[in-house]
Amino acid sequence: MRLGVLDVGSNTVHLLVVDAHPGARPLPAHSHKAELRLAQLLDDGGAVGPEGVDKLIGVVHEALQAAEDKGVEDLLPFATSAVREATNADDVLARVKAETGVELQVLTGAEEARLTFLAARRWFGWSAGKLLVLDIGGGSLEIAYGIDEEPDAAVSLPLGAGRLTAGWLPNDPADPDDVRALRRHVRAQIARTVGEFSRFGAPDHVVATSKTFKQLARLAGAARSAEGLYVQRELKRESLEGWVPRLAAMTAEERAELPGVSDGRSSQLLAGALVAEGAMDLFAVETLEICPWALREGVILRRLDHMGPV
């Protein structure tokens with residue numbers, strides 16, 4: 001069957017269409033993205049304003065049309081941290097449902113981490129052993145660890161690249177004092193969780209998902225996305241540590257000129273790099289591998305598991 005996943009994230013609203021059935025690898029058929037930056041449309045009270053809700057409804061309508069055009073039989077709509085943490089989340093969800101017919105399922109941070117972990121486990125297989133999975137989104141950082149398909153530990157921290165950029169790095173280029181303050185904040189937040197994971201022992205394989213990690217790996221010399229999903233891409237902490245001060249000294253426009261960095265993400269890349277560097281350092285990760293699958297694929301895989309064999 002043809003499935004569609006509608007992901008209302010902090011940065012983008014992304015419709016992923018796949019051809020899938022239980023027991024088979026989901027095959028991407030179409031991708032439709034809109035840069036909404038919902039996390040940046042929150043007012044001082046943490047609510048999504050009327051303009052932001054109007055934009056969200058418009059983007060959902062566009063995604064629905066794309067899903068219809070591509071023959072989607074079953075749509076799986078969900079929202080992550082930007083909607084989850086909005087003070088008027090219930091009102092936003094009610095308006096979206098009333099005006100589009102779409103009932104967004106709001107995932108908790110722990111659910112995000114578990115579903116992303118499932119996608120990574122299926123991608124790398126059982127031979128990868130104990131997995132540590134890191135994912136940097138626009139609003140949050142997810143960390144999960146385990147040897148099975150359900151992680152033994154899964155946490156979500158408010159350390160998304162978009163959130164941190166808006167709250168800590170108001171200047172372009174970033175003020176060095178702001179960068180140092182953000183670095184301290186990020187590491188203090190991550191350090192609180194390390195003990196929860198270290199009691200399970202060292203992972204056999206460390207992987208990362210998300211656009212932020214993919215861009216950082218590309219800067220460090222990983223293959224371009226055009227070379228395909230199955231090319232192994234790695235990020236070494238040593239390389240990342242060399243890039244952080246360089247990114248801090250650049251404007252967003254200058255970062256957008258770097259290989260693999262998009263205009264829409266360049267302003268957030270420094271904050272994302274500080275989170276990635278902090279996580280790799282505090283979890284003693286020298287090298288991690290980029291996983292092509294992430295939350296959206298995890299949602300699809302869970303849906304297929306519940307369908308059972310045809």
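Trp-243 sits in helix 8; helices here are DSSP runs of H or I with at least four residues, strands are DSSP runs of E with at least two, and both are numbered from the N terminus. The model is predicted, so local features need pLDDT of at least 70 and side-chain atom pairs count only at pLDDT 80 or more, while totals for chains, interfaces and linings use all residues. Residues are numbered from 1 along each chain as its sequence is written, and side-chain values use heavy atoms, with hydrogens and water left out.

Is Trp-243 buried or exposed? Trp-243 has a relative accessible area of 12%, so it counts as buried. Buried means under 20% relative accessible area, exposed means over 50%, and partly exposed lies in between, with a 1.4 Å probe and protein chains only. Leaving aside residues up to four places away in sequence, Trp-243 touches Leu-219, Ala-220, Met-250 and Leu-258; a contact means heavy atoms within 4.5 Å. With Leu-219 there is also a polar contact: the backbone oxygen of Leu-219 lies 3.3 Å from a polar atom of the Trp-243 side chain. A polar contact is a pair of N or O atoms within 3.5 Å; within protein, one must be able to donate a hydrogen and the other to accept it, and residues adjacent in sequence count only if both atoms are side-chain atoms. Trp-243 and Glu-277 are 34 residues apart in sequence, and their C-alpha atoms are 9.9 Å apart in space.

Thr-212 belongs to helix 7, residues 211-219. Thr-212 is buried, because its relative accessible area is 7%. Its contacts, again not counting residues up to four places away in sequence, are Ile-136, Ala-161 and Gly-272.

Two strands pair if DSSP finds at least two bridges between them. Strands of a sheet pair through backbone hydrogen bonds, either parallel or antiparallel.

At the strand 10 end, 3 antiparallel bridges join strand 10 to strand 11 (residues 287-290). Glu-234 has Glu-289 in strand 11 as its bridge partner.

At the other end, strand 6 and strand 7 run antiparallel and are joined by 6 bridges. They form a hairpin with 4 residues between them, and Leu-132 stands opposite Tyr-145 in strand 7. Strand 7 also pairs with strand 8, in the antiparallel sense over 5 bridges. This pair is a hairpin with 6 residues between its strands. Leu-141 stands opposite Leu-157 in strand 8, and Ile-143 has Val-155 in strand 8 as its bridge partner.

In a regular strand the side chains alternate between the two faces of the sheet. How many residues of strand 7 are buried? The count is 6 of the 6, so strand 7 is largely enclosed by the rest of the structure. One side carries Leu-141, Ile-143 and Tyr-145, the other Glu-142, Ala-144 and Gly-146, and both faces are covered. Strand 8 has a covered face with Ala-153, Val-155 and Leu-157, and an uncovered face with Ala-154 and Ser-156.

Helix 6 (residues 176-198) has 23 residues and reaches 32 Å from its first C-alpha to its last, close to the 33 Å expected; the expected span is 1.5 Å times one less than the number of residues. At Arg-192, helix 6 bends by about 30°, the bend being the angle between axes fitted to the seven residues ending there and the seven starting there. Asp-175 caps the N-terminal end of helix 6, with a side-chain oxygen 2.7 Å from the backbone nitrogen of Asp-177. The buried residues of helix 6 include Val-179, Leu-182 and Phe-197. Those buried residues pack against strand 6, strand 7, strand 8, helix 5, helix 8 and helix 11.
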